[in-house]
Amino acid sequence: MESVETVTGELFRVETLPNWVFDKGFIGFLEDRSAPFRTIFFSSSGVRCRSQELLVGQVSQELAPGAVSDESLNSREDLTRKQRREHLAAAGHAGSAMTEESRQISSRHETKPGNVRVGDILLEAGLVTCEQIQIALDRQKSGKKVRIGELLINLGFVTEEQLLLALATKFELDFVDLDKISPSDEALASLSEGLITRMQVFPVEICNRKLRVATSNPTDTTIGDSLRFNTSYFVELVVATRSQISAAIDRYYNLSKYSVDSLLEEMGDEGHPLTIEEDIERPDYIEPDSKVISLINKILIDAYKKGASDIHFEPGSGKRPLTVRYPIDGECSVLHSIASTFKTAIISRIKIISGLDISEHRKPQSGKILIRYEQRKLEYRVEITPTVGGNEDAVLRLLAHSKPLPIDEMGLMPYNLDAFRDILTKPYGLILCVGPTGSGKTTTLHSGLGHINTPNRKIWTVEDPVEITQAGLRQVQVNYKIGFTFAEALRSFLRADPDVIMIGEMRDAETARIAIESSLTGHLVFSTLHTNSAPETAVRLIDMGMDPCNFSDAILLIVAQRLARKLCDYCKKPIKPRHKNYDKLIEAFVNEAGRISEHLPSFAEAQLMAPGGCEKCGGSGYRGRIALHELMVASPAIKRAIKASAAAEELKHLAQQEGMWTLKMDGIMKVFKGYTDMEQILKVCI
């Protein structure tokens with residue numbers, strides 16, 4: 001039995017048989033025996049939506065044979081639809097409203113096939129339980145409005161493939177693999193790029209005036225109606241995953257027509273002629289053309305897709321080209337070279353979209369660019385700096401809003417992880433994370449905050465900008481244009497009953513002083529500083545004018561960190577000869593630590609690896625980065641040394657005696673574990 005909705009909105013509940021399905025449509029036998037007619041022929045072009053009753057466990061068995069036992073499956077199949085809904089109601093599934101909705105599914109006069117709840121379909125297919133549906137519904141009420149299917153996927157209760165296969169089965173649609181389909185030029189030309197991007201659909205093929213279109217949202221009946229209105233074809237929907245549809249759109253539309261490389265080819269080596277200014281300090285503004293606008297947009301997305309942390313626009317002097325460089329995994333490389341005649345227009349375009357003064361060319365400017373791509377919010381922090389020859393460099397730092405990592409996934413070795421967890425339990429004090437720009441300091445602090453983020457704690461953060469958001473945190477962004485600084489925000493926090501305060505960066509002595517005072521008055525304070533090592537941080541703060549006694553009383557922990565390139569997990573290979581390399585690493589460790597540690601692996605346990613090269617890592621042998629950590633715990637001996645204004649070397653020696661692993665020691669340990677190699681460690685550690 002299945003429900004059929006026509007394009008005119010009429011609903012029929014019919015029984016269908018395989019031998020009564022034809023090229024132009026199918027025959028259905030009405031369930032209502034009192035109707036004036038018994039049989040209906042439904043033409044394919046006249047059907048908006050079909051949905052059939054799923055057998056419990058049908059999709060589960062198809063995706064994972066044997067996952068549901070025959071006895072369990074048979075016993076569940078014996079339940080009638082009414083009995084199943086009574087069982088769900090008794091279990092409290094989604095309250096009375098949801099239960100009433102479930103009862104209405106069987107009525108062709110009350111429920112349209114396209115309006116059946118996704119949760120009911122998954123329950124009917126045996127893919128989720130009532131409790132899992134309730135968890136997702138509670139999460140939907142407490143947060144932003146997210147579809148129930150997406151929540152179930154995010155919670156790990158179902159995969160996207162399971163969800164879509166269940167929906168495809170329910171609505172009598174084909175489930176297709178777009179990676180194995182090559183659409184014809186006629187199919188690609190049938191829908192505009194704007195339409196498919198807006199609706200996130202993809203044309204698969206055209207056959208006998210019938211256009212097959214892939215969607216990842218088969219429950220939305222407006223998709224078929226919109227496509228029929230915008231084309232001259234009969235539309236038949238098929239189902240594919242969202243990621244495959246996005247990849248297919250990029251492959252056949254966006255990238256094939258408007259990729260960075262193709263745009264540069266169109267622009268040519270010479271480009272459009274621009275007026276040469278006599279006064280190089282005050283060149284007139286040149287309005288960017290459509291190709292420049294498209295080029296900038298594509299570079300922003302291209303950098304995000306490649307995993308770049310920044311985008312460097314570097315105009316050459318005279319007629320030399322403008323180069324575009326991406327730092328990826330800490331390594332900066334030239335990706336594009338653009339004709340010099342476009343350099344003024346490109347920098348002007350960047351200024352426009354970041355809200356900067358396009359007529360100012362003599363002093364630096366700072367701004368930001370906000371865009372949305374694939375339902376993600378991307379923020380680029382823009383810095384324009386005048387350079388010799390009347391040029392201006394632009395550096396865009398990509399700030400992709402992300403979630404904090406659990407502290408177990410931060411790359412902390414056991415000897416550091418235990419110390420970090422222990423410090424996070426303290427009720428008050430100062431925790432500092434130090435290192436150069438782009439070393440992951442903010443990620444580390446947010447991971448620490450995530451570990452202690454509970455409903456009984458009030459946590460305030462002030463950042464510039466807010467890069468990572470967490471539910472339960474009260475997060476503030478500074479605004480220097482109106483005088484809202486870190487110090488000003490801290491003064492406000494102290495009047496807002498905080499338990500924990502996170503300061504994005506100690507940029508001046510006033511901010512550092514307020515942070516120290518806050519930690520001495522019963523607050524747990526997190527912050528960052530740009531220093532090279534943990535011992536050096538204590539010396540730097542005292543040099544900034546901090547009182548040694550107050551600072552030594554406040555400090556709990558200083559974490560110094562770096563990011564080193566990680567060996568590609570897909571192609572790394574064992575080092576040969578192993579014994580010689582093992583001895584060199586042991587020697588390097590002893591030179592740094594002055595001793596052998598019991599944590600070092602034996603020769604048999606060491607997993608020394610070398611870079612290989614594959615498609616995943618672009619042939620470099622490295623993919624991603626791993627953090628190196630140096631944790632200086634403020635023990636009584638360390639506090640006494642800080643009070644006495646000890647030098648950095650003295651503090652380092654004392655901290656190592658008390659068990660501190662330096663950045664280099666931690667890096668060597670990660671070489672022994674096969675995460676990276678010594679060449680990468682030496683690039684970030686002295």
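Predicted model: local features only at pLDDT ≥ 70, side-chain atom pairs only at ≥ 80, totals over all residues.
Which strand gives the largest share of the nonpolar patch?

**Close-up 1. A nonpolar patch on the surface is formed by Leu17, Trp20, Phe22 and Phe41.** Together these residues have about 370 Å² of accessible area. Strand S2, which spans residues 11–22, gives the largest share of the patch, namely 3 residues. Phenylalanine 41, in turn, has its place in strand S4, which covers residues 39–43. With a relative accessibility of 46%, phenylalanine 41 counts as partly exposed.

**Close-up 2. Phe12, Phe26 and Phe42 are linked into a cluster by ring pairs.**

**Close-up 3. Tyrosine 415 and tryptophan 661 form a stacked aromatic pair.** The ring centres of tyrosine 415 and tryptophan 661 lie 3.9 Å apart and their planes meet at 10 degrees, which is why the pair is classed as stacked. Distant parts of the chain are linked by this pair, the two residues being 246 residues apart: tyrosine 415 belongs to helix H16 (residues 414–424), whereas tryptophan 661 sits in the loop between helix H24 (648–657) and helix H25 (663–672). Tyrosine 415 and tryptophan 661 are both buried.

**Close-up 4. Tyrosine 582 and phenylalanine 603 form an edge-to-face aromatic pair.** Here the distance is 5.5 Å centre to centre, with 80 degrees between the planes of the two rings. Because tyrosine 582 lies in helix H22 (residues 578–593) and phenylalanine 603 in the loop between H22 and strand S22 (609–610), the pair ties together parts that are 21 residues apart in sequence. Tyrosine 582 has a relative accessible area of 11% and is therefore buried, while phenylalanine 603, with a relative accessible area of 30%, is partly exposed.

**Close-up 5. Arginine 212 meets both aspartate 174 and glutamate 205 in salt bridges.** The N to O distance is 3.4 Å for the pair of aspartate 174 and arginine 212, and it is 3.1 Å for the pair of arginine 212 and glutamate 205. Arginine 212 is buried, having a relative accessible area of 15%; its two partners are partly exposed, aspartate 174 at 41% relative accessibility and glutamate 205 at 35%.

**Close-up 6. Arginine 421 and aspartate 408 form a salt bridge.** The closest N and O atoms of this pair are 2.3 Å apart. Arginine 421 is in helix H16 and aspartate 408 in the loop between strand S14 (391–400) and H16, so that the pair links distant parts of the chain, 13 residues apart. Arginine 421 counts as partly exposed at 31% relative accessibility, whereas aspartate 408, at 52%, counts as exposed.

**Close-up 7. Asp174, Glu205, Lys210, Arg212 and Glu236 are joined into one network.** The residues of this network are connected through salt bridges that share partners, and the count of salt bridges in the structure comes to 21.

Definitions and conventions
Residues numbered from 1 in each chain as written. Heavy atoms only, no water. Phe/Tyr/Trp six-rings, centres within 6.5 Å; stacked < 30°, edge-to-face > 60°. Helix = DSSP H or I, 4+ residues; strand = E, 2+ residues; numbered from the N terminus. Buried < 20%, exposed > 50% of the residue type's maximum accessible area, 1.4 Å probe, protein only. Patch = residues over 30% accessible without salt bridge, like charges linked within 9 Å, V, L, I, M, F, W, Y side chains within 5 Å. Areas by Shrake-Rupley, 256 points an atom, 1.4 Å probe, with all protein chains shown as cover. Salt bridge = Lys/Arg side-chain N within 4 Å of Asp/Glu carboxyl O.
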